Amino acid sequence: MSKDMLILVVDDEKQLIELIKPVLEAERYDVVTASNGVEALEILRTQKIQLVLLDVMMPGMDGFQLCHEIRLQSDIPIIMLTARGEEEERVHGLRLGADDYIVKPFGLEELLARIQAVLRRFGHSNQKNVLSFENLMIHVDSRTVTVDGERLSLSKKEFDLLLFLCEHPSHVFSREHLHEILWDKDGSPSTLRTVDTHVKTLRVKLKSAKHMISTVWGVGYKFQS
């Protein structure tokens, strides 16, 4: 039974496509593939794609150029796949309009989690829209959060930060990574200290659930219920 979610995988590495495609299909996603930017644009023009997995390093039109072309005509979710983890490259992709990125080599469970998280943010996912962790409940559609039944007053960035962390439980994210994903993309004036400040205020507002966001000293932050 299909989830009615059609994912386009764009990569010139045939082996990677052969690895990813059956994994996505096993999760009941429909998958189409393209080996270059021209093929990808034609597929996007003729088919209703819900998400694009886009490799950066391709001959001819590379992933950055293709991301730019897609953004000229669509706000479809884009996850970029890159073999290089340099901050400058990641920031460049996010500023071009990518919604997330994954550094190769990556685990297939991580890939699936990233896809589900991005689709959920765009309202395309069939995953449940109420996330529950002990006494903490996050209502994704209405962007509301309750602790022990009491509704919290969170800013947009505080909610985005909480949702991002809880969608990747036990995964440690550096301040740089969180800043790139949640602040760099929309051009908000901010520094790495902005991340620390938001984590601090979010913990205060979470009250008895504040322990779920923990600091991994010298590395970053993680969510764990």
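In which helix is the place of E176? E176 lies in helix α7, residues 175–182. The model is predicted: local features need pLDDT of at least 70, side-chain atom pairs count only at pLDDT 80 or more, and totals for chains, interfaces and linings use all residues. Residues are numbered from 1 along each chain as its sequence is written, and side-chain values use heavy atoms, with hydrogens and water left out.

The protein chain holds eight helices and 11 strands. These are DSSP runs numbered from the N terminus (helices H or I, at least four residues; strands E, at least two). The C-alpha atoms fill a box of roughly 50 × 40 × 30 Å along the principal axes. Of the 225 residues, 49% count as buried. Buried means under 20% relative accessible area, exposed over 50%, and partly exposed in between (1.4 Å probe, protein chains only).

The whole structure contains 15 salt bridges. Such a bridge is a side-chain nitrogen of Lys or Arg within 4 Å of a carboxyl oxygen of Asp or Glu. One of them joins K104 and D11 at 3.4 Å, N to O. This pair links distant parts of the chain, 93 residues apart: K104 sits in the loop between β5 (100–103) and α5 (108–121), D11 in the loop between β1 (6–10) and α1 (14–26). K104 is buried, at 15% relative accessible area. D11 is buried too, at 1%. D11, E13, D55 and K104 form a network of salt bridges.

A salt bridge also connects D160 and R143, at 2.8 Å, N to O. D160 belongs to helix α6 (residues 156–166), and R143 to the loop between β7 (136–139) and β8 (144–147), 17 residues apart. D160 is buried at 16%, whereas R143 is partly exposed at 38%.

Helix α7 also holds R175, which is 21 residues apart from D196 in helix α8 (residues 192–206). R175 is partly exposed at 27%; D196 is buried at 13%.

On the surface, E176 gathers with E86, E87 and E88 in a patch of negative charge. Patch residues have over 30% relative accessible area and no salt bridge, with like charges joined within 9 Å. E176 is partly exposed, at 31% relative accessibility.

Note on methods
Patch = residues over 30% accessible without salt bridge, like charges linked within 9 Å, V, L, I, M, F, W, Y side chains within 5 Å. Areas by Shrake-Rupley, 256 points an atom, 1.4 Å probe, with all protein chains shown as cover. Lys, Arg positive; Asp, Glu negative; His and termini not counted. Charge placed at Lys NZ, Arg CZ, Asp CG, Glu CD.
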